[in-house]
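The sequence and structure are shown first.

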Amino acid sequence: MAAAEGGRRRRETQLGDLPADCLAQAIVLTSPRDASRCAAVSPTFRAAADSDHVWQRFIPSDDAQLLLAALPAKGGGGRKKKDAYLGLCDAASAAAVGGDAGCRVWLDRATGAKCYALSARRLSLPWDDGEFSWRFTPHPLSRFGEVAELVECTCLDIYGRLPAAALTPAAPYAAYLVYDTAAGPGRLRGLSFPDQETAVSLGGRPAARHTVCLRPDDAEARKFGGAAGLRRGGEGQQAAVQQPRLREDGWWEMEMGRLRTAGSREEEQEEMVASFEALGWYPKRGLVLHGIEFRPLH
C-alpha cells in the first residue's frame with residue numbers, strides 16, 4: 001500500500017514542479033515568442049519566463065549598450081529586462097546606430113533578430129538632372145524627420161547598403177522599399193509601369209530579380225503594354241508583377257528580395273545590397289522616398 005502511494009506521488013510530479021531557475025535555463029534556449037507563451041502555463045513558468053536571466057539573453061550582446069542607451073527616457077535603468085526588451089522592439093523610437101541618425105536599429109519582437117532602417121539620405125540616388133532631381137523635405141510620418149521627393153528624372157535606380165556583420169547571423173531577412181507617392185494633378189508620373197525590378201544581393205554576387213510596380217494602375221499598365229510590350233517571363237509568359245502593401249503607419253512598402261546569411265567570417269566583410277531600378281528611360285516624378293528597411297522573416 002505504501003509503495004503504491006509512493007508511486008502515485010512520483011507520477012504526479014510535473015514539469016512545473018521544477019525550480020524556476022531550472023526552467024529558466026531551458027526557456028532561454030527558445031525564442032522571445034516561446035518565452036512569452038511559457039509565461040501563460042503556470043505561476044512557476046511565469047516566474048521563470050519573465051526572469052532577467054531569460055530576457056537578458058534575448059538582447060544582442062554586441063549592440064546591448066547602443067540599444068539600451070535609448071531606454072532611460074522611457075523609465076530609467078531599474079526596469080526589468082523583459083520590459084527593456086519590449087522597449088527595444090518599438091520601431092517608432094529605434095536607436096540611431098553609432099550616432100548616425102540616418103540608420104536606426106530595433107529588435108524583432110518574435111525572434112529578437114535585429115532590424116535596420118536606412119533613411120533616404122543614406123541611399124544611393126540618381127542625380128542625372130543635378131540638384132533638381134530630388135528635394136529633401138520634412139515629413140510628419142518619417143522617423144528620420146524628412147523624406148526625399150523625386151522632382152523629375154529619366155533614369156531611376158536606388159541602392160541601399162548594409163554590412164552583413166550588422167545582421168543577426170543565420171536569420172532569413174527581407175529588404176523593403178518604404179515610400180509614398182505625391183498627391184495632386186501632374187505630380188505623379190512614370191511610376192505605374194510594370195518595368196521595375198528589385199533585387200537583394202550579398203557581396204556583389206548575382207541575385208534573383210523581381211518584377212514590381214510601385215503604383216499599380218491598370219490603365220497605365222495597358223498603355224505601357226501597348227507602347228513598349230509587357231515584360232515576359234519564361235516561355236513567353238507575362239512575368240508576375242509584385243504588388244506593394246499599405247502599412248499601418250501610413251507608408252507603402254515593397255518587398256525587394258530575401259537573403260539568409262551564414263554568419264561566416266568571409267560574409268562579415270561583405271555588404272548586403274538592396275536595389276530598385278526602373279528600366280525605361282522616360283520622365284518620372286512624384287516618388288516620396290522614406291528609406292529601405294532590412295527585417296527578419298518569421
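Tyr176 is found in strand β7, where strands (E, at least two residues) and helices (H or I, at least four) are DSSP runs numbered from the N terminus. The model is predicted: local features need pLDDT of at least 70, side-chain atom pairs count only at pLDDT 80 or more, and totals for chains, interfaces and linings use all residues. Residues are numbered from 1 along each chain as its sequence is written, and side-chain values use heavy atoms, with hydrogens and water left out.

With a relative accessible area of 10%, Tyr176 is buried; the term buried means under 20% relative accessible area, exposed means over 50%, and partly exposed lies in between (1.4 Å probe, protein chains only). Contact means heavy atoms within 4.5 Å. Not counting residues up to four places away in sequence, Tyr176 touches Glu253, Met254, Glu255, Met256, Gly291, Ile292, Glu293, Arg295 and Leu297. The C-alpha atoms of Tyr176 and Ala117 are 9.3 Å apart in space, and the two residues are 59 apart in sequence.

**Overall composition**

The protein has nine helices and 13 strands. Buried residues make up 45% of its 298 residues. Of the contacts with a separation of 6 or more, 69% are between residues 24 or more positions apart.

| Residue pair | Separation in sequence | C-alpha to C-alpha distance |
|---|---|---|
| Tyr176 and Ala117 | 59 residues | 9.3 Å |
| Arg265 and Ala165 | 100 residues | 8.7 Å |
| Glu152 and Pro283 | 131 residues | 6.5 Å |

Arg265 belongs to helix α9 (residues 265-268) and is exposed, with a relative accessible area of 72%. Glu152 is placed in the loop between β5 (146-150) and β6; at 31% relative accessible area, Glu152 is partly exposed. Ala170 occupies the loop between β6 (156-163) and β7, and its relative accessible area of 41% makes it partly exposed. The phi angle of Ala170 is near 65°, a positive value in a residue other than glycine.

**Nonpolar cores**

A nonpolar core is a set of buried Ala, Val, Leu, Ile, Met, Phe, Trp, Tyr and Cys residues joined through side-chain atoms within 4.5 Å. The largest has 40 residues, and those with the most contacts inside it are Trp134, Leu156, Ile158, Leu289 and Phe294. Apart from this core lies another, of 17 residues, among them Ile27, Ala48, Leu88 and Leu107. Leaving aside neighbours within four places in sequence, the residues in contact with Phe294 include Lys114, Cys115, Tyr116, Leu118, Gly160, Leu162, Tyr173 and Met272.

**Aromatic pairs**

A pair of aromatic rings is described by the distance of the centres and the angle of the planes. Here, rings of Phe, Tyr and Trp (its six-membered ring) pair if their centres lie within 6.5 Å; planes under 30 degrees apart count as stacked, over 60 as edge-to-face and the rest as tilted. A search of the whole structure finds four such pairs. Trp55 and Phe58 form one that is edge-to-face, at 5.2 Å centre to centre with 80° between the planes. These two residues are three apart in helix α5 (residues 52-58), so they are separated by about one helical turn. Trp55 counts as buried at 1% relative accessibility, and Phe58 is buried with a relative accessible area of 9%.

The ring centres of Phe193 and Tyr282 are 5.1 Å apart and their planes lie at 65°, so this pair is edge-to-face. Because Phe193 lies in the loop between β7 (172-181) and β8 (196-202) and Tyr282 in the loop between β12 (271-278) and β13, the pair ties together parts that are 89 residues apart in sequence. Both Phe193 and Tyr282 are buried. Ring pairs also link Trp55, Phe58 and Tyr85 into a cluster.

**The largest pocket**

On a 1 Å grid over the protein atoms alone, a pocket is an open set of points where a 1.4 Å probe fits, with protein on both sides within 12 Å along at least five of seven lines; lining residues have an atom within 4 Å of a point. Grid points are joined across faces, edges and corners, and a volume is the space filled by probe spheres set on the points. The largest pocket has a volume of about 360 Å³. Its lining comprises 15 residues, of which Ala91, Arg143, Arg247, Asp249 and Glu293 lie nearest the centre. Strand β13 (residues 287-296) gives the most to this lining, with three residues.
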